[in-house]
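Hello,

Here is the structure I promised to pass on to you. Have a look at it first, and then read on for what turned up in it.

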Amino acid sequence: MKNIQSSQFIYEKKDICLDNASLMLEETVFHTANGYLGVRACLEEGYPSDYDSIRGSYINGFYDFAEMKQAEKLCGLCEEKQTMLNVADSQGIQLLLDGEAFSMFQGTVEESRRYLDMAAGVSGRQVIWRSPAGKRAEIHIRRMASFVQLSLFTIEYSVKALNFNGNVSFLSTHLGDVKNYCNPNDPRVAGESFEHLLPVSAEFVEDVSFLVTRTSKSDLTVCTAVKNILSKKGSVSTSLEGHRAAAMLAAPIAEGETVTLVKYTVFADSIRYRGCRTAAARELKKALELPLEEHYAAQRHYLDIFWDQSSLEIEGDDELAIATRYNMYQLLQSVGKDEHSNIAAKGLSGEGYEGHYFWDTEMYMQPFFTLTNPALSKNLVAYRYSILEAARENARILGHTKGALYPWRTIMGKECSGYFPSGSAQYHINGDIAYSVVAYYLATKDLAFIAEKGAEIVFETARLWMDAGNYCHGKFHINAVTGPDEYTCIVNNNYFTNASAQYNLHWAVRFYQLLKEAGTLEAAERIGLTQEEVAQFAQAEQQMYLPYDEELGINPQDDSFLQKAMWDFEHTPKDHYPLLLYYHPLYIYRFQVCKQADTVLAHFIYEDAQDIETIRRSFAYYEKVTTHDSSLSTCIFSIVASKLGLTEKAYAYFGDSAKLDLFNLHHNTKDGIHTANMGGNYMSIVYGFGGFRLKESGIWFSPTLPSQWKGYRFKILYEGSQIQVAVSEKETIFTLVKGEPKTIHVYGEAYELASTLAIPGKAVTI
């Protein structure tokens, strides 16, 4: 990684590469988002005609339906999916100096820089350019997606004349006739391009353009409105052709003078607003009431609070520190800020996985918010509650008479998984969502929200296990499911799934007890949950079958995993990874080979289900057969390696995880960031090196210090109290930053934290 500033808040690249692959990567890396809207970082002036680009602007949770053809129309298979839409293009700004068009591909680029300022919440470009006729100009472009006014996206485009007097013009475009990107050769993005958006209206009101479009099938509407403001008095002309609006703004410029265009775009969709056109006008008026500098100040203030709450600092490795900071910032840019949205697998940075929400949210990303910003974690649970009825319907489609089964991938609640063996069969998503509800409760003790929404989710997912499983020889079995490892599908008694179900059932019983004690059992009454059912939950929990192999002393991934032949890793070409792109699924399914952490993940999440030596032997076994073809894998291996004291491995796995997108390690970051891996990177530090665990018995720490670092610090929120953990070579210092005193457990010992607690010489250097 080159050209990283020493500040842990600024990531920059100098002397920008102009090859197509590099520019598409930077569209992702420097994208601008706020959890509601996201805009890829395409060059405002565009690329040469033979270049490819994913020029997209997205709204979290805004979708259309698309056909999903099935070769055989078997009962219950999905034939329709939702897909996130590219809703408009308001990025376009063409700069002209006395009629000469600025382009990175013409004239001479004397200096260039791209940056992301994560303290200010802006991204930008700085260029010194000499035109073919010799005019030199300094160009500074700054973008912001406001965290304070979520509908607002701005571009500030400044031009300083360095050696000439003349005229400067800006051609600002606002395009509504846009499509989604497609690539038929990559299963991670859409394979076909559809006409998802239909024009409804296009107009200029004075100098503001309003474009309203409607989705072709989902009957949703969106309005984007654009206003251009020039810093100097000049001429303005507008044109409208179909669903394409343009404004030309021009003014004289003198040598040494700077002229600035500020372009305001607001987004309003029918999921959140009644009357999108009216809402867009209202949102634009609100945005224009403040000078741009005040919007910047509000953005910085928002981020001051965010970074204080989620503070995580690494001393001794600037590259890793900036990569970790970048990952945390991207989580904030990606997370939905209301119950209408969640966190897409690629955030709002690109169209990989079509904007779908997976289990990634609950198991990899939500823990970050649960520990640092529980209000956002609460929103994520509220989203799952909002689609609970759809999850009940999904359960009926799959033949279950009771309970709810959450879809493997979705936007609005209906299943979008076309390949059910590695999709819909991943029933563990029910346990994952229940786990996130429990974690939110353990971190906040917000029983009122559990009574309102959380308990109903946990009760209905528990009911599903009772219908999906059965007793055999006194043990509760769950058959024909797929665990997290997508190279092993449709198996009996996947260890992770059964452990998830056991935890889900336990907390269904526990929440029922807690709500009964509080005299608020409305959640149970709403769904007709009886005391008899709760007793059945408890019995299934106690009798849950967790596979164990006596000879190897490990937990088999499932009943048949150890019966299979080992994959021939020695003779697998290095360029044949990920395996899913080079080998038929059925071929992969017949071998002991894992795409990602499965049983190892269970040994992290549900560590109390097994003794430490079983976990140690299982880790060693699965390490040999795991390809880490999934970005969700190495972070989990890092966490469990930390737990086991496997020093070098823990750090090596962590490094791969932290730098995945900035180094484009999987060669597909152009399609969007890997948000789940980013959450996993955070967990690798806090849960891994910090040894943090959140349990009903309280919070537990077992810090270690990588030898490559001088120290590290992080903050968490627990029951309203903020706690800082500072780990160094000499000691670990726990500080109660604010809130009531708390009992904490450090290396197994209980301590009362009332102000500051120092544990000398305990942070084992690894």
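Let me start with Ala425, which counts as buried because its relative accessible area is 6%, under the 20% cut-off. Please keep in mind that this is a predicted model. You will find Ala425 in the loop between helix 7 (388-397) and helix 8 (428-444). Leaving aside neighbours within four places in sequence, Ala425 is in contact with Phe420, Val481, Thr482 and Ile490.

Next, the nonpolar cores. The largest one has 210 residues, and Tyr157, Phe170, Trp359, Tyr364, Phe459, Phe511 and Trp709 have the most contacts inside it. Another core, of 21 residues, lies apart from the largest one and includes Val262, Cys276, Ala279 and Ala287. In soluble globular proteins, nonpolar side chains tend to be buried together.

Finally, a pair of helices. How do the axes of helix 9 and helix 12 cross? Helix 9 (residues 447-468) and helix 12 (residues 531-542) have axes that come within 10 Å and cross at roughly 65°, and the crossing is left-handed. On the helix 9 side, the contact is made by Phe459, Ala462, Arg463 and Met466; helix 12 brings Glu533, Gln536, Phe537 and Ala540. Sorted by class, this contact has five nonpolar, one polar and two charged residues.

Enjoy exploring, and write back with any questions.

Best wishes

Methods
Residues numbered from 1 in each chain as written. Predicted model: local features only at pLDDT ≥ 70, side-chain atom pairs only at ≥ 80, totals over all residues. Heavy atoms only, no water. Core = buried A, V, L, I, M, F, W, Y, C linked by side-chain atoms within 4.5 Å. Buried < 20%, exposed > 50% of the residue type's maximum accessible area, 1.4 Å probe, protein only. Helix = DSSP H or I, 4+ residues; strand = E, 2+ residues; numbered from the N terminus. Contact = heavy atoms within 4.5 Å. Axes fitted to C-alpha atoms, helices over the stretch in contact; angles between N-to-C directions. Left-handed = near helix turned anticlockwise from the far one by under 90°. Nonpolar A, V, L, I, M, F, W, Y, C, P; charged D, E, K, R; others polar.
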